[in-house]
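Take a look at the sequence and the structure, then try each task before you read its solution.

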Amino acid sequence: MFCFQGLMFCPEACSLLLHNFCIYHISPPGHELGAAAICPDDPILSADDLADQIAEVLNYFGLSAVMCMGVTAGAYILTLFAMKHRHRVHGLILISPICRAPCWTEWLYSKVMSNLLYFYGMCGVVKELLLKRYFSKEARGCSQVPESDLVQACRRSLVERQSSNVWRFLEAMNGRPDISEGLRKLKCRSLIFVGDRSPFHSEALHMTVKLDRRYSALVEVQSCGSMVTEEQPDAMLIPMEYFLTGYGMYRPSHFSVSPRSPLSPSCIAPELLSPESMGLKLKPIKTRISLEV
């Protein structure tokens, strides 16, 4: 659950999510801690197969419809799931999402990592390549500035993964199809976060253009990589509160109202709510619509 540790350790965001949801975390096959290596004879699952597995998980737990949150490749899988099972998704919260087939540079980048993983396992070069995808240069540090505790924790987490299982997932995502044209048909509301230093920044902008503007919103977080949930989870709080309030889901008691909640705007000086003060660039896309019951 590394992608969401920073978000869940943010007290206000954690209380917001736990107040409204029972959280189910779905990892790709073989990515959970302590997982054994997948049998080499097992076929490599496609992105389409991974999306279908989400439906199997929901069926197992008896969940008819859910709110989905995913990061990068996970955001792609959840979006694909929402396109295939529209009635089962209330909304999408996507962090640095991708929606197109990999361009040749991304394909080559991933292919290099796949080959290194296959022959050498989770070696130092693979870890560095993955960290560049996840975090901004500021978080990764340099010769004069040490890398952040966050990056060090991620580095340790990568070592604990089965390299052959990571290789399978990379191969699946490197062969993903373009789902851009199906995005317009999505009728669930979507909230997209992306760091302006993320290598997937242009993907998120492209996805926003393809989605129906009546149902989607984009939040760009400054000086942040792909892992907005880890680098700047506080920047996600207010947009998520507005997003969930539109569903009628956020109903805190009087004593648990966040001082930064949109439900209690008088508790904070108006100038502190400006996008610039929060390090955000908000796109003026309409997000409030009437929700059919």
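Patches are made of residues with over 30% relative accessible area and no salt bridge, where like charges are joined within 9 Å and nonpolar side chains (Val, Leu, Ile, Met, Phe, Trp, Tyr) within 5 Å. A salt bridge is a side-chain nitrogen of Lys or Arg within 4 Å of a carboxyl oxygen of Asp or Glu. Accessible areas come from the Shrake-Rupley method with a 1.4 Å probe, and for residues only the protein chains shown count as cover.

This is a predicted model, in which local features need pLDDT of at least 70, side-chain atom pairs count only at pLDDT 80 or more, and totals for chains, interfaces and linings use all residues. Residues are numbered from 1 along each chain as its sequence is written, and side-chain values use heavy atoms, with hydrogens and water left out.

**Exercise 1.** Find which residues form a nonpolar patch on the surface.

Solution. Step one: the patch consists of Trp104, Trp107, Leu108 and Val112, which together have about 450 Å² of accessible area. Helices (H or I, at least four residues) and strands (E, at least two) are DSSP runs, numbered from the N terminus. Step three: tryptophan 107 has 40% relative accessibility, so it counts as partly exposed. The classes are buried (under 20% relative accessible area), exposed (over 50%) and partly exposed (in between), with a 1.4 Å probe and protein chains only.

**Exercise 2.** Work out where the buried residues of helix 2 (residues 11-20) are.

Solution. Step one: list them as Ala13, Cys14, Leu16, Leu17 and Asn20. Step two: these residues sit on the same side of helix 2 because they cover an arc of only 160° around the axis. The arc is that of the directions from the helix axis to the C-beta atoms. Step three: recall that an α-helix has 3.6 residues a turn, so residues three or four places apart point the same way. Step four: look for the cover, which includes helix 1 (5-8) and helix 12 (234-245).

**Exercise 3.** What is the phi of threonine 72, and what is that of serine 96?

Solution. Step one: threonine 72 is not a glycine, yet has a positive phi of about 45°. Serine 96, also not a glycine, has a positive phi of about 45°. Step two: most residues other than glycine have a negative phi. Step three: threonine 72 belongs to the loop between strand 1 (66-71) and helix 4 (73-84), while serine 96 is in the loop between strand 2 (89-95) and helix 5. Step four: threonine 72 counts as buried at 15% relative accessibility, and serine 96 counts as buried at 0%.

Notes:
Contact means heavy atoms within 4.5 Å.
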